[in-house]
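Please open the structure in a viewer and keep the sequence panel at hand. The stops below are given as selections, each with a note on what is there.

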Amino acid sequence: MRRDLLPELPELPQMPQPLVHPCALPPATAEASDDDHQPVLKLRTVWISDVHLGTPGCQADALLHFLRSVQCETLFLVGDIIDGWQLRRQWHWPQAHNDVVQKLLRKARKGTRVIFVPGNHDEFARKYLGHNFGGVDVVEDHIHTTADGRKLWVTHGDLFDSVVQCARWLALVGDWAYELTLKVNQHVNSWRARLNLPYFSLSSYLKFKVKRAVSYISDFEVAVAQEARARGVHGVVCGHIHHAEMRNINGILYCNDGDWVESLTALVEHADGRLEILDWSGRAGQAATHSMALARSVAT
Ligand SMILES: [Mn+2]
């Protein structure tokens, strides 16, 4: 009400501000408005990766739309959720990126088991393996059992960059070199991080060597599946190469949940254990398209 329309009142003595009852506060937060949103898809498990929060290419609006539209028992964050590499170089953190983090924490609070398997771009989180932050478990990797009893090894996949790069000579020298390469890769990239050098991006490398890209993707897939076999599981879920896929590789189910930079895809498990790749690029509408041009410049 405008003050000048108020009748003249005698000056009142200064009173302490009354406490506002929480119920009287307006429902102004994003979280409160979320309560009205009814999830349309009930799933047992959801896997997302390669969100790259902190980069202009991150399709945060599309991801928010997806997260609001699904309800699941377990949500896996399969690495490269926050792009620490990029943030270190240039700070980019719009409100939508905050909203994604809030949404994930909210899901954890509301009973979804949220498991975060860090990737190379959020390797800072690898220092906190075994800890729980706001209901989010941080683990190196995880064995997930589907409703129909299949065991799936969940890992980001960056460990296999080196295997793919060195595939030819590794095939010649054998297992010990393979194991060594896996270990060295992680250290090399930690050093590169400390020296403020960019991560060696397999994706950029692939795009550079377009003619051989198909073969490199396939090498990556085979390397990951081979490791899954060695671990005695039925299949593997990974991300990292921004290429959603679900296929059988020599008897191992290879699943890649894609990314939220270019393809806007997630891997989901239905109540009966059926696995499916959801392509959200068509469903997110406006939200999904506004930064597609930027998306193409972001690396794996
Ligand atoms: Mn990655």
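**Colour by confidence.** This is a predicted model. For the protein chain, the mean pLDDT is 79, with 65% of the residues at 70 or more. Select residues 1-33, where pLDDT remains under 50 and the model has eight contacts beyond four places in sequence. Next select residues 286-299: pLDDT is under 50 there as well, and the model has 27 contacts beyond four places in sequence for this stretch. Coordinates predicted with low pLDDT should not be read in detail.

**Select the seven-stranded sheet.** Seven strands make up an open sheet with mixed pairing, in the order β4-β5-β3-β2-β1-β11-β12. Its edges are β4, residues 132-133, and β12, residues 275-279, each of which pairs on one side only. Zoom in on β4 and its partner β5, residues 136-138: the two strands are antiparallel and are joined over two bridges. Within this pair, display F133, which stands opposite V136 of β5.

Select the loop that runs between β2 (70-77) and α3 (84-89), where D80 is found. Is D80 buried or exposed? D80 is buried, because 31 other C-beta atoms lie within 10 Å and the cut-off for a buried residue is 20 or more.

To locate one of the partners, display H142, whose bridge partner in β7 is V154. In general, the strands of a sheet pair through backbone hydrogen bonds, in either a parallel or an antiparallel manner.

Select the loop between β8 (235-238) and β9 (245-249), in which H242 lies. H242 is not a glycine, yet its phi is positive, at about 55°. How many C-beta neighbours does H242 have inside 10 Å? H242 has 25 such neighbours and therefore counts as buried.

Key. Residues numbered from 1 in each chain as written. Predicted model: local features only at pLDDT ≥ 70, side-chain atom pairs only at ≥ 80, totals over all residues. pLDDT = per-residue confidence, 0-100. Contact = placed C-beta atoms within 7 Å. Pairing = 2+ DSSP bridges. Helix = DSSP H or I, 4+ residues; strand = E, 2+ residues; numbered from the N terminus. Buried ≥ 20, exposed ≤ 12 C-beta atoms within 10 Å, placed from the backbone.
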